[in-house]
Amino acid sequence: MHTGLQAYWPWLTVYLICVSLVGFALFGADKARARKGRWRIPEKVLFGVAFLGGTPGCLVGMHLFRHKTRRWYFRWGIPLILLIQLLGCTAPFYFRRQ
């Protein structure tokens, strides 16, 4: 691994943890708002946080709060986003070796 790139790993890790916590909190807050009949967090915001790297937190929040699990586009979309992100992260290592 290039030494310049190693300096960014701690920052990237902190970023991914923070955005995952935000995704988790948004799913929890949206579920609480749904139960109370209050204004909801737009679905595009929930997907946006997942696209920005918060997919692990969004997945945990979906299942822990049992929120948005009946909607096919969340049930399949969030895991698909995670799969694409994981492939995107591992592809440079795979193609670099060839």
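Residues are numbered from 1 along each chain as its sequence is written, and side-chain values use heavy atoms, with hydrogens and water left out. Because the model is predicted, local features need pLDDT of at least 70 and side-chain atom pairs count only at pLDDT 80 or more, while totals for chains, interfaces and linings use all residues.

Five aromatic pairs are found in a search of the whole structure, where rings of Phe, Tyr and Trp (its six-membered ring) pair if their centres lie within 6.5 Å. Planes under 30 degrees apart count as stacked, over 60 as edge-to-face and the rest as tilted. Phe47 and Phe74 make a stacked pair, with 4.4 Å from centre to centre and 25° between the planes. Since Phe47 lies in helix α3 (residues 43–65) and Phe74 in helix α4 (residues 72–75), this pair ties together parts that are 27 residues apart in sequence; helices are DSSP runs of H or I with at least four residues, numbered from the N terminus. Phe47 is buried at 16% relative accessibility, and Phe74 is buried at 0%; buried means under 20% relative accessible area, exposed over 50% and partly exposed in between, for a 1.4 Å probe and protein chains only. The rings of Tyr73 and Phe74 form a tilted pair, because their centres are 5.5 Å apart and their planes stand at 45°. Tyr73 is partly exposed, at 27%. One aromatic cluster takes in Phe27, Phe47, Trp72, Tyr73 and Phe74.

Leaving aside residues up to four places away in sequence, Leu46 touches Leu26, Phe27, Asp30, Ile41, Cys58, Lys68 and Phe74, a contact being heavy atoms within 4.5 Å.

Next come the cysteines. The whole structure has zero disulfides, a disulfide being a pair of cysteine sulfur atoms within 2.5 Å. Cys58, buried at 1%, has its nearest cysteine sulfur, that of Cys18, 14 Å away. Cys89 is exposed, with a relative accessible area of 51%, and its sulfur is 16 Å from the closest cysteine sulfur, in Cys58, too far for a bond.

Finally, there are three salt bridges, each defined by a side-chain nitrogen of Lys or Arg within 4 Å of a carboxyl oxygen of Asp or Glu. Asp30 meets Arg40 in one of them, at 3.0 Å from N to O. Asp30 lies in helix α2 and Arg40 in the loop between α2 and α3, so the bridge ties together parts that are ten residues apart in sequence. Asp30 is buried at 0%, whereas Arg40 is partly exposed at 33%. Glu43 pairs with Lys68 at 2.9 Å and with Arg71 at 3.6 Å, and these three residues are linked in a network of salt bridges.

How values were computed. Helices (H or I, at least four residues) and strands (E, at least two) are DSSP runs, numbered from the N terminus.
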